[in-house]
Amino acid sequence: MGNTSLRFFETGMVFDGEVEAERLALLISGSAAPASWHDAKPADADLFELRGVLELISPKLALAPSSQNDGLVVAADIVIGKRKVGTAGQAWPARVRAMDLRTPVYVAEIDLAALRQMTGGGLKQ
């Protein structure tokens, strides 16, 4: 059966046209919390769970309505103030099934240079 709850992150350089930028990618799928004696089947993770992870990275990060979906069924811009520093949302169900997953997948990508600049070089203390 395997693990049904996934939490991944990765940092790396991304080439966007002719520009190279360091990005942080996040993926959340499965239960929002581990099963326990009082909650044998916890609820699945959702966009609010992803938002909570983003707030742990920096309390200045917020989600705002997105002007484009970037290949996501539900998409939001990750912003600090009015400046966009990334994108978050839910992957298309067909893509999730193609990965042989059984629960919705939520992803985020953040421009680390923009995040550092907007937070004064520091993240959550």
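**Figure 1. Overall dimensions of the protein chain in the predicted model.** The protein chain has a radius of gyration of 15 Å, which agrees with the value near 14 Å that a compact globule of 125 residues would have; the radius is taken over C-alpha atoms, and the globule rule is 2.2 Å times the number of residues to the power 0.38. Along its principal axes, the C-alpha trace spans about 45 × 35 × 25 Å. Because this is a predicted model, local features need pLDDT of at least 70 and side-chain atom pairs count only at pLDDT 80 or more, whereas totals for chains, interfaces and linings use all residues. Residues are numbered from 1 along each chain as its sequence is written, and side-chain values use heavy atoms, with hydrogens and water left out.

**Figure 2. Secondary structure of the protein chain.** The chain comprises 3 helices and 6 strands, these being DSSP runs numbered from the N terminus (helices H or I, at least four residues; strands E, at least two). Their order along the sequence is β-β-α-β-β-β-α-β-α.

**Figure 3. Burial in the protein chain and the setting of Asp100.** Of the 125 residues, 32% are buried (under 20% relative accessible area, with exposed over 50% and partly exposed in between; 1.4 Å probe, protein chains only). Asp100 lies in the loop between helix H2 (93–98) and strand E6 (105–111), and its phi is near 60°, a positive value in a residue other than glycine. With a relative accessible area of 58%, Asp100 is exposed.
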